[in-house]
Amino acid sequence: MSGSLSSKATQEPIAFANIGILGQSYGTISNLNGEFELKIHPEALEGDLNIKISCMGYESLLLPLKELKLTNTLSFQLQESVMELHTVPVYAKKYNARDLVKQAFLKVKDNYPVNPYLLNTFYRHYCKEEGQYGRLIEAAVDIYDPKGHRRLYKSPEKKVEVKVDQLRRSFDFTSFSELNHAPISIYSSLANDITSYKSKLRNAPKNYTYEVIDTTYFDKQMVFVVAFSKGKDFIRGKNELIQKDTVLHEGEMYIKASDFAFLKVVDRHTVEFVNEERKVVNEYTNTVTYKNYEDKYYLNQVLCEGTALFEAFDANRQLTDHKDHYYHIEMMTNNVQTRGFVPYTGQEPSQKALLEIAYDKAFWENYNILKATPLEEQIAEDLANRLPLDQQFALFNAQSVYKDSIETAQFQKMKEEHKGDVLLVSFWDSKDKNSLKALRQVKNVTQKYEGRNVYFVYLSIDRDEDDWQKARVKYLPSVGMQMHLALGMASQIIQKYNIHSPDNYLLFDHYGQPVRHFEQYPGSEELSKEINRLLLSSMAQQVMYQLPQSKK
């Protein structure tokens, strides 16, 4: 069943509406263009079943399934809910905004399931940099909750079991691919569910302000819209002011008046770090909705969107570097199972575990996923410009070879961009004690040459990318280039420069040519001596070029 939804009053598309069969546990959600696609089993067409369409602020629509022409793309218009204003003062007099939020948290045990249940969900994750999409992940994910909502947990790892049944994934062409891109972000997405996990918003803390800003209707039931916000935080460093600005930590909670259930939570953050050399701004919005099934509310959708901006400046506050990164992560519940399922244990898969999931093209052709919008078509187009998307899905398990060629090109590009600088390239492995010990000393050398024409590069040959991700946070400085070599000791870079083991170091002169190869850390004094020699040589060359040519 394919269709689109729009407002009867404005003709504008209606996004994030719920579409499903009345009384049954599976359904779908309309996308930003109001479009949806719902897979219906042929047997359902023989009974007297009804399609139900519902959305916050609109009257629900109930349609006999057998009367719909499912061979066509259907269009539906929803009527905006008419407010019965005389009922508002009754609730407003009894509860203020803070009381409403407290009551909603107290009612979690009553409104949400306390017994085990299983959610079949669809996961989609894409990223964009400099206006071009560079990453796409889609997965069929099962979330098994054996503990229910008897209490709040610290994190999803402590509460739910995760299983990725199917996966299709493009290569990662973003600059974040070698820095802090998690292989998949299931846990971090689920953590936004305030009915399951501890958050800053629980129990309506006093450092937040709350206000009832609106009332709306959902399924003919009144819903309070409670806005929350928090002021600014500042952190002062030793020599400079570092501002951590959370002024936009604000949002809205949609709380049902009759039972105090959370129906929707929108949480917006802005975090900004500024000093004389750099500016980093992170802005993100997390939206969570819930749906009712068998008189209990279950997670319906998690939508996480954000942007990260990095800018670097020279001593005159002139811009020297700019990077931006946009991400979109959504999880949509297709089906709720409260009985008849088989319990299991499982964690969010690592990169290695994801590589073991084969791409099943037939599965995806029949899976109940969000219908493509023009924006999503642009994602496919951008990615296909590098390699046809179907080929990327099929080759994902063999992408290490492809990534190695990308890494080699990135390394070469870095050398071109840093001609005029002395380069120190450190090869390391988080399982090699000697290279870890040496990295601590290299970190001190890095600080010594800060602001000078020296660039530091750290190439990991770890077998497991997850090990590298954890170790780099602990051992590597925030400056320079960090990269994990997908093929390890078999990578082209390793072979080209004749590297036999970790704890190897290469020095490149200002022309980008290798001039010294240390097969173990030479010591900070010896290393500094070589760097200074190359810097002096570079300065001498610059002076010679600036001298006037002698006359014949």
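Predicted model: local features only at pLDDT ≥ 70, side-chain atom pairs only at ≥ 80, totals over all residues.
1. A residue is taken as buried when its relative accessible area is under 20%.

2. The ring centres of Tyr497 and Phe508 lie 5.5 Å apart with the planes at 85°, so the two rings meet edge-to-face. Because Tyr497 belongs to the loop between helix H12 (492–496) and strand S23 (504–508), while Phe508 belongs to strand S23, the pair ties together parts that are eleven residues apart in sequence. Phe508, at 0% relative accessibility, likewise counts as buried.

3. The aromatic pairs of the structure number 17. A further example is formed by Tyr126 and Tyr133: with centres 5.7 Å apart and planes at 80°, this pair is also edge-to-face. Tyr126 and Tyr133 are both buried. Elsewhere, Tyr112, Tyr290 and Tyr297 are joined by ring pairs into a cluster.

4. Two arginine residues are placed over aromatic rings. Arg151 lies over the face of Tyr153, with a distance of 4.0 Å from the ring centre. In the other case, the charged end of Arg472 sits over the ring of Trp468, 5.6 Å from the centre of that ring.

5. Trp468 and Arg472 both lie in helix H11 (residues 465–475), and both are buried. An α-helix has 3.6 residues a turn, so residues three or four places apart point the same way. The buried residues of H11 also include Glu465, Asp466, Gln469, Ala471 and Tyr475. The N-terminal end of H11 is capped by Asp464, from which a side-chain oxygen lies 2.8 Å from the backbone nitrogen of Asp466.

6. The second largest pocket contains about 550 Å³ of space. Its lining comprises 27 residues, of which Lys52, Ser54, Asp219, Lys291 and Asn292 are the closest to the pocket centre. By residue type, the lining divides into eleven nonpolar, twelve polar and four charged residues.

7. Several strands contribute to the lining of the second largest pocket. At least two residues each come from strand S2 (18–21), strand S3 (27–29), strand S5 (50–54), strand S17 (278–293), strand S18 (296–313) and strand S19 (319–337).

Definitions and conventions
Residues numbered from 1 in each chain as written. Heavy atoms only, no water. Phe/Tyr/Trp six-rings, centres within 6.5 Å; stacked < 30°, edge-to-face > 60°. Buried < 20%, exposed > 50% of the residue type's maximum accessible area, 1.4 Å probe, protein only. Helix = DSSP H or I, 4+ residues; strand = E, 2+ residues; numbered from the N terminus. Lys NZ or Arg CZ within 6 Å of the ring centre and 35° of its normal. 1 Å grid on protein atoms, 1.4 Å probe; cavity = no way out; pocket = protein on both sides within 12 Å on 5 of 7 lines; lining within 4 Å. Points joined across faces, edges and corners; volume = space filled by probe spheres on them. Nonpolar A, V, L, I, M, F, W, Y, C, P; charged D, E, K, R; others polar. Polar contact = N/O pair within 3.5 Å; in protein donor to acceptor, adjacent residues only side chain to side chain.
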